[in-house]
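Here are a few notes to go through with the model open beside you.

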Amino acid sequence: MSFITARHIGKTFNGKNNSDPTVAIGDLTLDIEEKEFIAIIGPSGCGKSTFLLMVAGLESATSGELAIEGKPVTGPDHQRAIVFQEFLLFPWKTVKGNIEFGPRINRVDKGICQTLSRDLIRLVGLEGFEECFPHELSGGMKQRVAIARALANKPKVLLMDEPFGALDALTRETMQLELQKIWQKAQCTVLFVTHSITEAIFLADRVVVMGSRPGFVKKILTIDLERPRSRKIHTSHTFRRYEQILKESIWEEEEDGSWERVPALEKRSA
Ligand SMILES: Nc1ncnc2c1ncn2[C@@H]1O[C@H](COP(=O)(O)OP(=O)(O)O)[C@@H](O)[C@H]1O
Ligand SMILES: [Mg+2]
């Protein structure tokens, strides 16, 4: 059995103030292996964030089954951590304080927390910035803190929702290289949502393309590129071929008109 199994997952949000319900995810089936790096791409509103929140245990499915290591997901668990595009750091805590926060509330011994944060600070390349506050850091550095904080509870699953979406292009490339290293060392399963096809190919073992009306798995592309991957890989023939395949898959969605954000139920009945 796979590490994460999603079987015919559906998710409908009830409409507020008597408005129509939104079918965010129609029928999604996906198997994910342990320590796999999965990138998820797809049009806005196809349910990518909703799916991640379900794996995190922060949203429940309205139909289907979602299990991790054979156990149904019934709520949040410190083995699953999430990193969002917004850094969501505590502004009043230092880098070290932010990273140690999770283990401290889980009553992990202070000395162990300090060793852990020292290791994580080294892992994400923030040595020398331990005592800085978030407002003193650049976007890339803030996201490094957010990743270290997510890793502080030693999660088996790291969920990342467009984590580099707010960064400039060069910082973003650096962060992709860093994330590859971090993932190889941390040995966890990653589900990574992105709008960038090249980012998805560069990072992932498999790229899942979601379609909308409502959300489903449209295509799964296995990325057969050696690791560690360097920036140069972007110009390789295989990389370009993957890019073409994914672009075509997404263009089909655009041509259907589903790239725009239209309530899923309307689209379905149209
Ligand atoms: N809490 C919510 N209440 C109502 N509708 C929601 C909620 N969260 C998401 N949706 C709707 O579900 C659909 C999928 O949203 P989302 O998962 O955020 O898509 P994506 O991350 O792919 O852009 C959208 O139509 C969105 O408006
Ligand atoms: Mg989203």
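1. Is Arg 213 buried or exposed? Arg 213 is buried, because 21 other C-beta atoms lie within 10 Å. The label buried calls for 20 or more other C-beta atoms within 10 Å of a residue's own, exposed for 12 or fewer, and partly exposed covers what lies in between, with C-beta atoms placed from the backbone.

2. A word on conventions before going further. This is a predicted model, in which local features need pLDDT of at least 70 and side-chain atom pairs count only at pLDDT 80 or more, while totals for chains, interfaces and linings use all residues. Residues are numbered from 1 along each chain as its sequence is written, and chains are lettered from A and ligands numbered from 1 in the order in which they are written.

3. Do look at the backbone around Arg 213. This residue sits in the loop between strand 9 and strand 10, and its phi is positive, near 75°. A cis peptide bond joins Arg 213 to Pro 214, with omega about -25°.

4. Another cis peptide bond links Arg 227 and Pro 228, with omega about -5°. Pro 228 belongs to the loop between strand 10 and helix 7 (237–255). As background, most peptide bonds are trans, and most residues other than glycine have a negative phi.

5. His 8 deserves a glance too: its phi is positive, near 50°. His 8 is placed in strand 1, residues 4–13. It counts as partly exposed because it has 13 C-beta neighbours inside 10 Å.

6. Pairing here requires at least two DSSP bridges between two strands; strand 1 and strand 2 have 7, in the antiparallel sense. One bridge to strand 2 joins Thr 12 and Val 23.

7. Finally, ligand 1. It is surrounded by 12 residues, the closest being Phe 13, Ala 24, Lys 48, Ser 49 and Thr 50; the criterion is a C-beta atom, placed from the backbone, within 6 Å. Helix 1 (48–56) and strand 2 each supply at least two shell residues, and helix 1 gives the most, with 3.

Conventions:
Helix = DSSP H or I, 4+ residues; strand = E, 2+ residues; numbered from the N terminus.
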